[in-house]
Amino acid sequence: MHIWVDADACPRVIKEILFRAAERKKVNLTLVANQPLRTPPSIYISSMVVGAGFDVADDKIVELLSGGDLVITADIPLAAAAIKKQGHALNPRGEFYTPENIQERLAVRNMLDELRGCGVETGGPAAFSASDKQAFANQLDRFLTSC
């Protein structure tokens, strides 16, 4: 099992949780981003820089992903692609995307995107909170314990 992180938009606090988990559980973790990232020295932790452009990091993660791998992302199309390849997807707020909920998430995302395209203000996600951090840490720990 490998953990892939859509790292460009991933909160720093989530990356720190992932770094500790990778060391503790001895699982490979790769951060994929459009720019160089600092990672702690570890045989389990690496980063990969991909070219700039829309969905370049997402496409690289999907290319390298194997069944059973975990993807950390808030990007719903990337989560859907991970699930399609028999992977798992967890967002930084601690919610797993599943085969049961991903189609609904895609539909809502597409509807909001359409509304924004028409000039409707749809707002954005709530500010990242301590409870989001805790929810993520708990879900990640449960997942890694079950593997």
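Q: Which residue in S6 stands opposite alanine 89?
A: Tyrosine 97 in S6 stands opposite alanine 89. This is a predicted model: local features need pLDDT of at least 70, side-chain atom pairs count only at pLDDT 80 or more, and totals for chains, interfaces and linings use all residues. Residues are numbered from 1 along each chain as its sequence is written, and side-chain values use heavy atoms, leaving out hydrogens and water.

Q: Why are strands S5 and S6 called paired?
A: Pairing takes at least two DSSP bridges between two strands. S5 (residues 88-90) and S6 are joined by 2 bridges and run antiparallel. So they pair.

Q: What makes S3 and S6 edge strands?
A: The open sheet of 6 strands has mixed pairing and the order S3-S2-S1-S4-S5-S6. S3 (45-49) and S6 (96-97) each pair on one side only.

Q: How do you know that helix H2 packs on the sheet?
A: H2 (residues 56-64) touches S1, S2, S3 and S4. Contact means heavy atoms within 4.5 Å. Helix H5 (residues 130-146) also packs on the sheet, touching S1, S4, S5 and S6.

Q: Why is isoleucine 83 called buried?
A: Its relative accessible area is 11%. Buried means under 20%, exposed over 50%, partly exposed in between (1.4 Å probe, protein chains only). So isoleucine 83 counts as buried.

Q: What does isoleucine 83 touch, not counting residues up to four places away in sequence?
A: From helix H3 (residues 76-84), isoleucine 83 touches Tyr97, Thr98, Pro99 and Ile102. Helices are DSSP runs of H or I, at least four residues; strands are E, at least two; both are numbered from the N terminus.

Note on methods. Axes fitted to C-alpha atoms, helices over the stretch in contact; angles between N-to-C directions.
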